[in-house]
Amino acid sequence: MSELNYNLFHLRTAENIKAELIKLRESLLKGGQNNAEIHSDVLSIESLLADNILDFKDLNPNNNQLKTRKYWHDFLTETKYLSFNECLLILLGVSPKLSNIIEPTLYKTKLNEIKKLQDKQLSLIFFQRVENHLLRERFRSDKINTDDFIKWALDYKYLREIKNESP
């Protein structure tokens, strides 16, 4: 009997989002502003970078990375419905448990409304991702059927299906 597992199709996606977050953190810290929104973004970025982004290059992952890998996969396979932000984080290789750090109405934010995200730099980073725009094009609500999402993500080569043969 075989067991289905999922993984990111392109592992570079998670590496890219990590690099973008590091740049954003450095930029916010260099700005020296003591704005509450900026402080909140820096704390959220620190949380994301604390082993909450998938890293499959690490051959000896620590316990936090192993938990993130398991949580990411289990969330995808054991949840009937996902929020838009959870889907976006899954596509980016980020633990979906952190979906609350992104603007909750990101899925309905239009390009001409981008000004409302200017003070929310972290949400702006996620808004600018091509994955966000493709996801919004396909799913126009905050509640997304997980099976529909997986099928779409497999078709668009965001996720890869891996069959493990069990004894």
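This is a predicted model: local features need pLDDT of at least 70, side-chain atom pairs count only at pLDDT 80 or more; totals for chains, interfaces and linings use all residues.
One of the pairs is formed by Lys57 and Glu15, whose closest N and O atoms are 3.3 Å apart. Because Lys57 lies in the loop between α2 and α3 (63–78) whereas Glu15 belongs to helix α1, this pair ties together parts that are 42 residues apart in sequence.

Helix α1, which spans residues 12–31, also packs against helix α2, which spans residues 36–49, with axes that come within 10 Å and cross at roughly 145°. The crossing in which α1 passes α2 is left-handed. On the α1 side, the contact is made by Lys18, Leu21, Ile22, Leu24, Arg25, Leu28 and Leu29, and on the α2 side by Ile38, Asp41, Val42, Ile45, Glu46, Leu48 and Leu49. When these residues are sorted by class, the contact of α1 with α2 is found to have 10 nonpolar and four charged residues, with no polar residue taking part.

The largest pocket of the model has a volume of about 200 Å³. Its lining includes the residues Tyr107, Lys108, Thr109, Lys110 and Leu111, together with His133, Arg136, Glu137, Phe139 and Arg140. By class, the lining of the largest pocket divides into five charged, three nonpolar and two polar residues, whereas the contact between α1 and α2 holds 10 nonpolar and four charged residues.

Technical notes:
Residues are numbered from 1 along each chain as its sequence is written. Side-chain values use heavy atoms; hydrogens and water are left out. On a 1 Å grid over the protein atoms alone, a cavity is a set of points where a 1.4 Å probe fits but cannot get out, and a pocket is an open set with protein on both sides within 12 Å along at least five of seven lines; lining residues have an atom within 4 Å of a point. Grid points are joined across faces, edges and corners, and a volume is the space filled by probe spheres set on the points. Ala, Val, Leu, Ile, Met, Phe, Trp, Tyr, Cys and Pro count as nonpolar, Asp, Glu, Lys and Arg as charged, and the others, Gly among them, as polar. Axes are lines fitted to C-alpha atoms, for helices over the stretch in contact, and angles run from 0 to 180 degrees between N-to-C directions. Helices (H or I, at least four residues) and strands (E, at least two) are DSSP runs, numbered from the N terminus. A crossing is left-handed if the near helix is turned anticlockwise from the far one by less than a right angle, and right-handed if clockwise. Contact means heavy atoms within 4.5 Å. A salt bridge is a side-chain nitrogen of Lys or Arg within 4 Å of a carboxyl oxygen of Asp or Glu.
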